[in-house]
Amino acid sequence: MKLLRRRALIWLFLALAVAAGGVALFFKGVPLQTDLLTLLPPTERNPQAERAIAKLAEANGGRVVFLVGTPTSEDTRQALRFFADRLRANGELLRVAVEIPPPDLRSVAGSYLEYRFNFLSDADRRGFETVSLQERLRRKLTAPFGFGPTLSVEDDPFGTLDAWLSDLPLMNFRLEPEGGVLVARAEGRVWGLAAGELSGRAYDNALQRRLTDALARAEREVSERFPGVEILRAGTVFYADAARNDAEREMDLIGSVSTVCIVLLLYFVFRSFAPLTLGLVSVGFGVVSAAVLSAFVFGEIHLITLVFGASLIGDAIDYPIQYFSARLGAGDAWEAAPGLSRIAPGLTTALVVGLMGYGALIFLPFPALAQISVFSMTGLAVTWLTVLLLLPFLTTSPDTRGGRVVVDRLQCVLDRLLAVGDRKKCLYGALATLALALPGCLAVRWNDDVHLLVSRSPVLAEQEARIRALTGYSGGSQFFLVEGKTPEEVLTNEEKLFASLSELRAEGVVSAYQGVSSFVPSRARQTQNRLLWKEKAFADRENRENFRRIVFDAGLYESVAERLIEAFDATEGKFLSVDAWLKTPLSLANRDLWLGETPEGFASIVSLRGLRDPGRAESLAADAKGVTFVDKAGSVSRLFRLYRETGSTWLFYAACLIGVVLFARYGAAQSVFLLAPALLSMALSMSAFGYFGIPMTLFNILGLMLVLCVSVNYAIFLREGGIKAAATLAGVLLSALTDLLGFGLLAFSSTPMLSGFGLTLLVGIGASIILTSSVPILCKDAAP
């Protein structure tokens, strides 16, 4: 009894330590992570590419876009402004932009006017020698109101700066100014645009709730005032909020359903609240310990981890179930210390196998899976410790209220099974199972698409698609990272890249592209443009006199020519720099393209729209200096494929390692008997996907790993508990049912990763219940 008391005290100290850690975390506050990007591993060989991805994600995450649509322009403008006022009043958005100022061409061109001779459009640069100054001046005078910014004849008599400004990627969308707002006409409605910036992080759960509530109130008020109005929304914060709501709902559902069902099953078998209460205490302490340790290790907890943790209840409860089954089977002869000694080796072996299964997840480069691995291993280990340290102290007396009816009925089943079964029949059954599973396994299809990692709200995805169609915006996660030792080298590399991209655009491979050099040519390009002007008009006295005559003959004052000559001379050796451009209002919408100084030098981003062939873009980057093509989704998908293709090797080595563990305790023959049902269960689980045409992913492979471990655990429990003891069989069946409840409910998760994982376990564990029934037959001659 003293030994049991000392063990219980050890558990108490452990519980106090966990409680202290939990209290500390409570006051410190543990971030609940809903950012789906944290599920993705670093995949880019270039570390700056990962930093660029993070910067873009952070910039885009703080923005929200709304479209307000009504049948008429007047109602749209009024509804849009009323909607924006309601959002501003709430304060969750740092700013809400609706009004656009009247076009100020002077403001647009002001940033470039001083350096007007440094800028030439591609067409002007190619035709500078063939098109005379007289012809350029004539075109400017006869067509002064061309498309785009139009400068005065005095400032730009030859229209070269006009042409360059018109080539700037400023009007790539389907919106047009009307009545002080931007509108689009489509679907029989007039849509007005409102853009907002969050006052905090998109993944701040409190901000998500407040913004959702404020938006609901604003939409209700707008609908009451403007019947028939439709409001579309897009933004990372809305997806994060939807993902959080889904995860919390699933966590509550899976946790509550599995807990209630497990409670009912435990009471049905043991007919007592003591095993029920102590079992839940064991599992509850394991889950709490797992949450505390995960929070300390990772500094945050992802909602995916909590959803998975809710299903861990079904696996962790196996240890107390086997303990109480052994107590029930011993009857009046139960003694805590000897009873624990009999079952401890089996529980320990099962724990090792379980840790091996969950531990495999930690070697994958997915942060969320590493957290799930730590959470699950901690939960299992602490539950196991609770069974070994606390339960014997609290259950020194025999179980006099156990469900003997269940045990007696199972004893009849077990006796019948042992009487009619033999190893030859088990061999035939195994061959038949293999024949059933093989065609399905061969028909399996694989899907490595990264988008299967998470689910997106269908409503939000549909609204975002409509916003993209209505506005013409089609931004994506694919872009070029351009690097150089200096800003000048970055701009030069960009311009070389643009030359190649123009060919792809002509072929229809990409619809548009944009970079900093679209707005700030390299110093070398600006020097070349000035040289063209100098050779044409300002090289010497004769050129300048000719320039004056051309301007005067066109009917302009001579002072116009003089001011242009003075402007050219005054800007000799002066160039527009990136730093100067970043200080202008024109750069506001495009500052994210400049990454600035990096550990390797400087870097920028060239964004892409409408890329139809990523392979061509990747080949282009491979041949270009300082250019990296970044396709996060494609990179992760390729990583999925790599790990999925090696998944069979992982499973093979895992089976071999588990076989070694079994061999060390049970010998060669029995280790095969204990391992075979697990391997067949894996085959049946995999074949189900093939027969029903459901593609498998990397996460199904991970599910098969756990099917292997869980199935081996059942076999171990049967072998260790005494294969002729009906109480042991009752415990295994009870464990299997709790595992089905815990893991099987994941099959109904809205997250594809968890859904595929759960479906694999649902089929695999279901098959394992049947196949492990052969263990008593196969091991009956060797079991104690």
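One bit of bookkeeping before we start: Ala, Val, Leu, Ile, Met, Phe, Trp, Tyr, Cys and Pro count as nonpolar, Asp, Glu, Lys and Arg as charged, and everything else, Gly among them, as polar. Keep in mind, too, that this is a predicted model.

With those classes in hand, look at the largest cavity. Its lining splits into 6 nonpolar, 1 polar and 3 charged residues. Who are they? The lining takes in Arg 116 and Phe 117, then Asp 155, Asp 156, Pro 157, Phe 158 and Thr 160, and finally Trp 533, Phe 547 and Leu 564. The volume of this cavity comes to about 70 Å³. Searching the whole structure turns up 3 cavities of 30 Å³ or more.

Zooming out, the protein has 31 helices and 13 strands. Of its 784 residues, 53% are buried. Take the contacts between residues at least 6 apart in sequence: 81% of them join residues at least 24 apart.

| Element | Residues |
|---|---|
| Strand β2 | 63-70 |
| Strand β7 | 230-235 |
| Helix α17 | 423-442 |

Now for the strands. Why call β7 largely enclosed by the rest of the structure? Because 5 of its 6 residues are buried. Strand β7 also has a partner: β2 runs antiparallel to it, and 6 bridges join the two.

The buried residues of α17 are Cys 426, Thr 433, Ala 437, Gly 440 and Cys 441. What do the buried residues of α17 pack against? Their neighbours are α27 (668-692), α30 (752-771) and α31 (775-778).

Is Ser 768 buried or exposed? Its relative accessibility is 0%, and the cut-off for buried is under 20%, so Ser 768 counts as buried. Leaving out residues up to four places away in sequence, Ser 768 touches Ser 681, Ser 711 and Tyr 714.

Note on methods: Residues numbered from 1 in each chain as written. Predicted model: local features only at pLDDT ≥ 70, side-chain atom pairs only at ≥ 80, totals over all residues. Heavy atoms only, no water. 1 Å grid on protein atoms, 1.4 Å probe; cavity = no way out; pocket = protein on both sides within 12 Å on 5 of 7 lines; lining within 4 Å. Points joined across faces, edges and corners; volume = space filled by probe spheres on them. Buried < 20%, exposed > 50% of the residue type's maximum accessible area, 1.4 Å probe, protein only. Helix = DSSP H or I, 4+ residues; strand = E, 2+ residues; numbered from the N terminus. Pairing = 2+ DSSP bridges. Expected span 1.5 Å × (residues − 1). Contact = heavy atoms within 4.5 Å.
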